[in-house]
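Work through the following exercises with the sequence and the 3D structure open beside you. Try each task before reading its solution.

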Amino acid sequence: MKIKPLTQLREMIAATLKSQTNLSKSFQSFFIETMELILTHTGRLNFTQMARCGRSCESRFRQNFKKPFDWLSFNKSFLESTKGHRIAIAIDPCYIPKSGKKTVGLDWFWSGCATAMKKGLEILGISIVDADDKDAVFLKAEQTFTDKKRGRKPGCTRGMENPDSLTGWYLRMLTRNCRQLLSICRLIVADAYFSKESFVTGIKFLGFDLVSRFRDDVNLKYLYTGPKAHRRGRPQKFAGKVDLKDLDMSVFAEDYAADGKLVYKMYTAIVWAVSLGREVRVVIVDHVDTDKKRQARKVFFSTDKTMSARDIFDIYRTRFQLEFVFRDAKQFTGLTHCQARNKEALSFAFNASLSSVNVARAFARQQGINLSVGSTKTLLHNAAMVDRFIAMSGKSPNMRLNNTDFKELLFYGVRAVAYLL
């Protein structure tokens with residue numbers, strides 16, 4: 001019996017769609033076709049090219065890309081592998097290059113690759129990062145809009161000087177998805193940009209805790225735990241400023257972690273963060289690299305004071321797995337290819353591209369093989385080409401392939417070849 005990767009792919013996507021309600025059969029078939037095209041087509045993934053290589057016309061792609069779809073519920077189906085592990089909700093903005101003057105949301109955004117502000121679009125990606133498996137499962141992405149919002153401001157932005165800032169927009173997105181996210185995890189991990197009082201207060205209002213990193217010049221204070229002075233006035237709250245170069249080891253606890261050549265020396269304590277206006281658990285880490293003369297000291301923190309130093313450090317390091325999802329989507333699944341100007345169509349294209357990374361990884365795991373997204377796409381592209389050859393040749397006896405030949409065609413050009421069982 002010959003292996004049929006495309007059939008297995010369609011069945012897996014159809015099984016995942018069962019978690020969705022009120023989806024017509026027409027939209028389900030369109031969705032399966034779209035995800036299949038993303039993982040088999042090697043050219044640009046715009047409406048014209050998808051119509052040339054797919055079974056549907058161009059207008060069907062244009063019309064269905066404007067329809068709403070619950071991407072978060074769809075991608076929650078891929079969280080089975082994270083059960084019982086240390087997980088957190090990772091958020092990170094991603095710059096999308098886009099030219100033209102009529103695209104909605106076009107503005108100047110920070111590009112990490114260029115380390116500069118560039119004109120284009122931005123999306124805020126949400127994923128689940130697994131600190132034990134060192135992996136990420138994408139959940140949802142929403143486009144960033146910088147226009148001012150009218151009406152009453154949500155509770156998470158109260159007290160902000162500018163509720164229409166980027167921080168305010170990120171908090172609004174988390175508010176819209178708050179209920180579903182809280183059912184998965186209550187811990188958010190983000191980079192140092194989000195270690196500000198307005199964001200921390202907003203997510204605490206929503207019911208989340210934050211793991212992040214402070215700036216190198218962070219202002220921390222020791223908490224006073226001595227006897228209460230019997231005199232008038234406010235009781236003493238602080239016991240001096242934390243000197244990062246000379247820590248008080250009667251307050252800080254010491255721990256170690258190793259990762260190959262690197263040795264991480266950690267110091268942890270509960271202190272007062274002046275910039276956040278609250279108590280946090282900090283983890284001060286020395287990255288001891290034997291190849292470097294000068295070592296770097298970084299300060300991580302969690303608003304959940306019950307977390308251990310190892311968990312805070314491991315979860316923050318795993319945050320970068322979301323960047324790999326963005327990388328794979330840009331390289332292999334057409335994250336930057338959509339040429340639509342409608343915000344609904346753009347949203348569908350962004351989420352379809354990023355969700356297909358989940359599908360590719362789940363497909364490889366289902367077959368019991370360890371392949372990258374690029375190799376998985378090469379395998380599925382080969383399968384589509386072989387199916388096309390056989391379909392075009394009809395029942396010609398010259399096209400009869402034994403199982404060995406079929407496998408050789410499927411894995412042509414695939415790195416780290418691992419045959420299907």
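Predicted model: local features only at pLDDT ≥ 70, side-chain atom pairs only at ≥ 80, totals over all residues.

**Exercise 1. The chain as a whole**

**Exercise 2. Helices α10 and α11**

Determine how the axes of α10 and α11 are placed relative to each other, and list the residues that meet.

Solution. Begin with the axes: helix α10 covers residues 321-332 and helix α11 covers residues 343-366, and their axes come within 9 Å and cross at roughly 100°. Angles from 65 to 115 degrees count as roughly perpendicular, and α10 and α11 are therefore roughly perpendicular to each other. Next, look at the residues: from α10 there are F324, V325, F326, D328 and A329, which meet S353, L354, V357 and R361 of α11. Sorted by class, the residues of this contact between α10 and α11 are 6 nonpolar, 1 polar and 2 charged.

**Exercise 3. Helices α2 and α11**

Solution. On the α2 side the contact is made by F27, F30, F31, M35, I38 and L39, while α11 contributes F348, A352, S353, S355, S356, V359 and A360. By class, the contact of α2 with α11 has 10 nonpolar residues, 3 polar ones and no charged ones.

**Exercise 4. Aromatic rings**

Describe the ring pair formed by W71 and F74, and say whether these residues are buried or exposed.

Solution. A pair of aromatic rings is described by the distance of the centres and the angle of the planes. A search of the whole structure finds 29 aromatic pairs. In the pair of W71 and F74, the centres are 6.2 Å apart and the planes stand at 90°, an edge-to-face arrangement. Both residues lie in helix α5 (residues 71-76), where they are 3 residues apart, about one turn of the helix. Both W71 and F74 are buried. Ring pairs also link them into a cluster whose other members include F27, F30, F31 and F348.

Finish with charges over rings: K221 lies over the face of F238, at 5.0 Å from the ring centre, and K343 lies over the face of F145, at 5.7 Å from the ring centre.

**Exercise 5. Positive phi angles**

Locate T115 and K134 in their loops, and give the phi angle of each.

Solution. Most residues other than glycine have a negative phi. T115 is not a glycine, yet its phi is positive, about 50°. T115 is found in the loop between β2 (107-111) and β3 (116-130), and with a relative accessible area of 55% it is exposed. K134, also not a glycine, has a positive phi of about 55°. K134 is found in the loop between β3 and β4 (135-143), and at 41% relative accessibility K134 counts as partly exposed.

Methods
Residues numbered from 1 in each chain as written. Heavy atoms only, no water. Axes fitted to C-alpha atoms, helices over the stretch in contact; angles between N-to-C directions. Helix = DSSP H or I, 4+ residues; strand = E, 2+ residues; numbered from the N terminus. Parallel < 35°, antiparallel > 145°, perpendicular 65-115°, else oblique. Contact = heavy atoms within 4.5 Å. Nonpolar A, V, L, I, M, F, W, Y, C, P; charged D, E, K, R; others polar. Phe/Tyr/Trp six-rings, centres within 6.5 Å; stacked < 30°, edge-to-face > 60°. Buried < 20%, exposed > 50% of the residue type's maximum accessible area, 1.4 Å probe, protein only. Lys NZ or Arg CZ within 6 Å of the ring centre and 35° of its normal.
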